[in-house]
Amino acid sequence: MPWSNQTGGPWGSGPRGPWGSGPQSQGPKPPDLEEFLRRGQDRLRGLMPGNLGGRGFALIAVAALVLWGFSGFFRVEPDELGVVLRFGQFVREVPPGLNYHLPYPIETALTPQALRVNKIDIGFDLRRGSTMRDVPEEALMLTGDENIVDVDFSVLWKVKPNHVGDYLFNVQAPEGTVKAVGESAMREVIGHSNIQAILTGARQTIETAVQESMQKTLDDYGAGVLVQQVQLQKVDPPTQVIDAFRDVQAARSDLERAQNEAQTYANRVVPEARGRAAKIIQDAEAYREQTVAEAKGQASRFSQVYEQYKKAPDVTRQRIYLETMERVLGGTDKTIIDTGGQSGPGVVPYLPLQSLPRSGQQQQPTAGGNQ
């Protein structure tokens, strides 16, 4: 009996060979695609009213088209701006409110919060409950005079008007970029300043310089960001050296006070000395003018007398003699006695010559009433 006709054998039942399974019958065939589509159409016709026919497909297509068209409406919130992209490319900006764009996938819309003022804290982390935590890796900076200072500040920024496209597509992480640029600008400004100015009166100058530097850098990046304000929150020496720094500040204050006192004393003494010197110089000038004027007057008088003397020598000589005697004897006490010639003394013997009044004294009456 041939092997192919055996229903059984040493290898089991069925048409099996000595090396394993023999030829087996084929499995179920895959479904026919045309049959599958035909059955789907039959089921769809069963769900639709019988009187529509092919018109139903058109209505469904129109409804789908209308819904697709209405999907292009979108709303922009008051603190947002709409950005319309056509096939991924920036097309236009739209204001807050209800707006429309061509349905997806032709156009899409993005609504960034472009009108909101954002705040970034650098050097500290303000957590819930107003708990402030220092961030030393951001806050510690080196000054121009090689001192370390702890600087905490905040940056207020928003999207620059008419630059929403730059904000969305030119920078991958705008908030992180603003923070990195702010920290870099602050380190640059602090590195060119002395710690004394930083801790006292240069806060406004530092804020303005950092804001200008940040804006220039962000504009170079094309970030579409407007820096509105930079606010210094805290500027202190590091905690580890704050006591020593306060001692240094106290010593500097004492030095400045002593310098101010010395300058005040100098401002008071120097003008007084200059005034006295000017007075002495003016007195000397006046004395010189007086002496020169007197000398010129004497010379002019001598010249005039000499002219008169040439005209009338005797009269002038006599006048000069009388004026000279008047000038010499005018300020002395003198008594003139007339002897009366040869007839005898001209003075009564009892005349009290010693009691005669001297010049400038009131005459006293004598005992006999004679004067």
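Q: Is Lys310 buried, exposed or partly exposed?
A: Lys310 counts as partly exposed, at 48% relative accessibility. Buried means under 20% relative accessible area, exposed means over 50%, and partly exposed lies in between, with a 1.4 Å probe and protein chains only.

Q: What sort of model is this, and how are residues numbered?
A: This is a predicted model, where local features need pLDDT of at least 70, side-chain atom pairs count only at pLDDT 80 or more, and totals for chains, interfaces and linings use all residues. Residues are numbered from 1 along each chain as its sequence is written, and side-chain values use heavy atoms, with hydrogens and water left out.

Q: Back to Lys310. Which residue does it form a salt bridge with?
A: Glu307, with the closest N and O atoms 3.6 Å apart. A salt bridge here is a side-chain nitrogen of Lys or Arg within 4 Å of a carboxyl oxygen of Asp or Glu. Glu307 is partly exposed too, at 40% relative accessibility.

Q: What does Lys279 bridge to?
A: Asp283, at 3.1 Å between the closest N and O atoms. Asp283 is partly exposed, with a relative accessible area of 42%.

Q: How many salt bridges does the structure hold, and which residues are linked in a network?
A: The structure holds 15 salt bridges. Asp134, Asp150, Asp152 and Lys234 are linked in a network of them.

Q: New topic: helix 7. Which of its residues are buried?
A: Ile206, Glu207, Val210, Met214, Gln215 and Leu218. Seen down the helix axis, they fall within an arc of 160 degrees, so they line one face of helix 7. The arc is that of the directions from the axis to the C-beta atoms.

Q: And what sits on the other side?
A: Thr205, Glu212, Lys216 and Asp220 of helix 7 are exposed there.

Q: What do the buried ones pack against?
A: Strand 10, helix 5, helix 6 (195–199) and strand 11. Contact means heavy atoms within 4.5 Å.

Q: How far apart are the end C-alpha atoms of helix 7?
A: They are 27 Å apart, which agrees with the 27 Å that 19 residues should span at 1.5 Å a residue. The expected span is 1.5 Å times one less than the number of residues. After helix 7 comes Gly222, with a positive phi near 70 degrees.

Q: Which residues touch the most other members of the largest nonpolar core?
A: Val151, Phe153, Met186, Ile206 and Met214, out of 34 residues. Elements giving two or more residues to this core include strand 2 (82–86), strand 10 (148–159) and helix 7 (203–221). Such a core is a set of buried Ala, Val, Leu, Ile, Met, Phe, Trp, Tyr and Cys residues joined through side-chain atoms within 4.5 Å.

Q: What does Phe153 touch?
A: Leaving out residues up to four places away in sequence, its contacts include Ile120, Phe124, Met141, Met186, Val230 and Leu232.

Definitions and conventions: Helix = DSSP H or I, 4+ residues; strand = E, 2+ residues; numbered from the N terminus.
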